[in-house]
Amino acid sequence: MSSYLGAQTLNTSGSGWTVSVPAITEAGSNYGGTYASATNAIILSGTLPGSFLNLLTNGAARISMRYNPVVWNNALHLYAKRSGGTATISGLCLGCSATVNGGTTYIEMLQSPDTALCTINFSGLLGLGNSVAFSGINVQLQITGVSVVIPAASYSAQVVFTIGPN
């Protein structure tokens, strides 16, 4: 079964993100607390083959996210939101359409379980050689909780995206 589903792909690209926190220069001051990346810090694209599409009974796949802490403080919270994104169906398909939906406001990312970022919805009568290609899903990250009460350190986490049935 795993090899049957192994053909769907989710590619990531982008510039990454390093938060630059300004120095505190006056006693009693605190950091702004919330920092956001560029709107295209991460760009998602990929393909859903017909074998995968046929298993999706409700006509939608979900892109989910979570983070793996490398060096982390639990007072920090990660969020993500999506902008843009296109989806197209190839192959023989009658009345087909595909769209990227949801995730346009910040959603908190957890270590576990995975949190839904957006869905790729498709409709129509699938025929032969179908697949859905999606691209240009820009992901903006946000971190909150930055404060003088958190020990000074370089914190990092790995963001993991998965795609599966909705």
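This is a predicted model: local features need pLDDT of at least 70, side-chain atom pairs count only at pLDDT 80 or more; totals for chains, interfaces and linings use all residues.

Tutor: Happy to. Let's take strand E4, residues 60–71, which pairs with strand E9, residues 115–126, in the antiparallel sense over six bridges. Two strands are said to pair if DSSP finds at least two bridges between them. Helices (H or I, at least four residues) and strands (E, at least two) are themselves DSSP runs, numbered from the N terminus.

Residues are numbered from 1 along each chain as its sequence is written, and side-chain values use heavy atoms, with hydrogens and water left out.

E4 also pairs with strand E11, residues 156–165: ten bridges join them, and they run antiparallel. Here Tyr67 has Val159 as its bridge partner in E11.

A pair of aromatic rings is described by the distance of the centres and the angle of the planes. Rings of Phe, Tyr and Trp (its six-membered ring) pair if their centres lie within 6.5 Å; planes under 30 degrees apart count as stacked, over 60 as edge-to-face and the rest as tilted. The count by this rule is one aromatic pair. Tyr67 and Trp72 form that pair, and it is tilted, with 5.3 Å centre to centre and 50° between the planes. Tyr67 and Trp72 are both buried, where buried means under 20% relative accessible area, exposed over 50%, and partly exposed in between (1.4 Å probe, protein chains only).

Contact means heavy atoms within 4.5 Å. The C-alpha atoms of Ala157 and Tyr67 are separated by 6.2 Å, although the two residues are 90 residues apart along the chain. Ala157 is partly exposed, because its relative accessible area is 30%.

Now look at Arg66, also in E4. Side chains of opposite charge can pair when their charged atoms come close. A salt bridge is a side-chain nitrogen of Lys or Arg within 4 Å of a carboxyl oxygen of Asp or Glu, and the structure holds one. The side chains of Arg66 and Asp114 form it, at 3.1 Å from N to O. This pair links distant parts of the chain, 48 residues apart: Asp114 lies in the loop between strand E8 (107–109) and E9. Arg66 has a relative accessible area of 24%, so it counts as partly exposed. Asp114 is partly exposed too, at 37% relative accessibility.

The protein has two helices and eleven strands, and read along the sequence they follow the pattern α-β-β-β-α-β-β-β-β-β-β-β-β. Of the contacts with a separation of 6 or more, 84% are between residues 24 or more positions apart. The C-alpha atoms fill a box of roughly 65 × 30 × 25 Å along the principal axes, and buried residues make up 35% of the 166 residues.

Finally, the cysteines. A disulfide is a pair of cysteine sulfur atoms within 2.5 Å, and there is one in the structure. It joins Cys93 to Cys96, with 1.4 Å from S to S. The link of Cys93 and Cys96 is left-handed, with -65° about the S-S bond. Cys93 is buried because its relative accessibility is 18%, whereas Cys96, at 27%, counts as partly exposed. Cys118 is in no disulfide, and the nearest cysteine sulfur, that of Cys96, is 20 Å away. Cys118 has a relative accessible area of 3%, so it is buried.
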